[in-house]
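Dear colleague,

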Amino acid sequence: MSIITGNTILTGLLGSPVRHSKSPLMHNKSFELLDLDYRYLCFEVDTDTLRTAVEGLRTLGVRGFNLTMPNKNLMCELCDKLDIGSEISGAVNTVVNDDGVFTGYTTDGIGFMRAAEDAGYDLKGKKMVLLGAGGVASAILVQAALDGVSEIKVFSIRDQFFGRAEKITDQLNQRTACKVILDDFSDESKLREAIAEADILVNGTSVGMAPKVDACVIKDEMFKDASVFRKELIVSDVIYEPAETKLLRLSKEAGCSTFNGMYMLLYQGAESFRIWTGHEMPTEEIKKLYF
């Protein structure tokens with residue numbers, strides 16, 4: 001990689017914790033491969049310090065930055081402009097600075113849709129069941145609706161995200177051709193019926209993530225019902241650690257096709273990279289090195 005100069009352009013990640021992130025590896029290697037005088041760094045910033053950090057970055061003239069937990073929702077309030085995905089979802093994970101004007105984007109959903117395409121699935125016109133209504137799930141919900149998924153049934157527990165999910169559902173039904181229905185996750189009969197009619201089931205929750213790898217968002221007995229977990233059903237999990245969650249393992253044993261969230265991480269970063277630099281991230285090379 002070329003040395004840092006007076007012209008080196010700064011990008012980075014704001015979140016807490018962030019030291020485990022793969023983002024610096026894939027962005028900095030991409031800058032090197034394309035001979036771009038950019039750098040990407042991680043900064044430990046949470047919601048208590050986000051406003052101050054953002055104003056500092058604006059003053060310093062950084063080109064852009066990513067947001068991870070817990071900052072995505074608050075960043076929505078701090079941007080000067082929002083893309084349609086961020087406007088509807090109420091979350092921002094990518095900011096670009098154009099002469100002091102901060103525009104917020106959400107690329108998580110784009111990352112998911114590209115990962116599905118990479119796995120060989122065209123979801124346009126298909127029916128989706130989405131589990132969860134948190135930040136990542138909401139980003140997937142919004143982008144899937146914008147990209148032409150015909151129907152999305154969202155199942156969420158009645159937690160702090162449920163009210164926001166109701167607003168997002170209303171917005172998508174008004175502004176897209178997608179039919180979006182929000183249900184309580186505790187209604188097992190509705191969930192079973194929805195999965196039986198779906199083309200793809202997506203776990204947008206953290207259930208099954210390491211270290212709690214024995215957890216599964218779906219009850220074990222439902223996998224034994226061949227009318228629900230059919231060979232035609234695609235099952236995806238946004239989790240990538242472990243690479244095969246219990247949900248994916250049991251779905252595969254039932255005959256379903258599966259894919260995890262690893263390439264969603266790659267492709268959401270690739271979209272951020274494109275927004276900042278105007279260049280396409282060399283994703284095939286980055287896959288070989290880090291994924």
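This is a predicted model: local features need pLDDT of at least 70, side-chain atom pairs count only at pLDDT 80 or more; totals for chains, interfaces and linings use all residues.

Six strands make up an open, parallel sheet, arranged in the order E9-E8-E7-E10-E11-E12. From one strand to the next, the twist averages 15°. The pairing of E11 with E12 is parallel and comprises 3 bridges, and Ile234 is placed opposite Ser257 in E12. Across strand E7 (127-131), E10, E11 and E12 lies helix H5 (residues 108-118), which runs at about 135° to E12.

The cores. The largest nonpolar core contains 48 residues, of which Phe112, Met128, Leu130 and Ile152 touch the most other members. Helix H10 (residues 262-277) is the greatest contributor to this core, supplying 7 residues. Apart from this core there is another, of 21 residues, including Val129, Leu131, Cys216 and Leu250. Beyond its neighbours within four places in sequence, Leu130 has contacts that include Ala137, Ile140, Leu141, Ile152 and Phe155. As general background, nonpolar side chains in soluble globular proteins tend to be buried together.

The loop residue. Glu232 belongs to the loop that joins strand E10 (200-203) and strand E11 (234-237). Is Glu232 buried or exposed? Its relative accessibility is 53%, and the cut-off for exposed is over 50%, so Glu232 counts as exposed. The C-alpha atom of Glu232 is 8.2 Å from that of Gly255, although the two residues are 23 residues apart along the chain.

Terms used: Residues are numbered from 1 along each chain as its sequence is written. Side-chain values use heavy atoms; hydrogens and water are left out. A nonpolar core is a set of buried Ala, Val, Leu, Ile, Met, Phe, Trp, Tyr and Cys residues joined through side-chain atoms within 4.5 Å. Buried means under 20% relative accessible area, exposed over 50%, partly exposed in between (1.4 Å probe, protein chains only). Helices (H or I, at least four residues) and strands (E, at least two) are DSSP runs, numbered from the N terminus. Contact means heavy atoms within 4.5 Å. Two strands pair if DSSP finds at least two bridges between them. Axes are lines fitted to C-alpha atoms, for helices over the stretch in contact, and angles run from 0 to 180 degrees between N-to-C directions.
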